Amino acid sequence: SARVSSDSARVSSGPWLSLSYVSGVKIPEYVNDAFFKKAAEKAPKKSEEQFFAKDEKKARVLSADRLKAQKEVDAALLQAIAKVASLSKYLAHRFTLSNKVFPHEIAF
């Protein structure tokens, strides 16, 4: 197995976003783990022809509840982001890793 020096696997926590900026955001009570849980659906058995046939992808339609929840959470987050100078630019900035820094080796 390859060894990685501890220096190359560490990342400075200085430039990372602190969660304290958005920790005061109020999220509706109904937005919890159960809200995001998928309903278990059993797929019908397919014949051999159906199995190898090319399926057309169906567009996923979001429910009105999910759209409402998304708008509420987005509005609260945007208000919190607007209060901090240059936070919106920070969040819009592209995240990149430098050469030979692998995501699975990063320790914060």
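Biologist: Hi! Which residues do ring pairs link into a cluster?
Modeller: Tyr30, Phe35 and Phe36. Rings of Phe, Tyr and Trp (its six-membered ring) pair if their centres lie within 6.5 Å; planes under 30 degrees apart count as stacked, over 60 as edge-to-face and the rest as tilted. This is a predicted model, where local features need pLDDT of at least 70, side-chain atom pairs count only at pLDDT 80 or more, and totals for chains, interfaces and linings use all residues. Residues are numbered from 1 along each chain as its sequence is written, and side-chain values use heavy atoms, leaving out hydrogens and water.

Biologist: How many aromatic pairs are there in the whole structure?
Modeller: The search finds three. In one of them, the ring centres of Tyr30 and Phe35 are 5.9 Å apart with planes at 70 degrees, so that pair is edge-to-face.

Biologist: And is Phe35 buried or exposed?
Modeller: Buried, at 18% relative accessibility; the cut-offs are under 20% for buried, over 50% for exposed and partly exposed in between (1.4 Å probe, protein chains only). Tyr30 is partly exposed at 35%.

Biologist: Which charged end sits over the ring of Phe35?
Modeller: That of Arg66, 5.2 Å from the ring centre. The test wants NZ of Lys or CZ of Arg within 6 Å of the ring centre and within 35 degrees of the ring normal.

Biologist: New topic: what pLDDT does the protein chain average?
Modeller: 79, with 81% of the residues scoring at least 70; pLDDT is the predictor's confidence in each residue, from 0 to 100.
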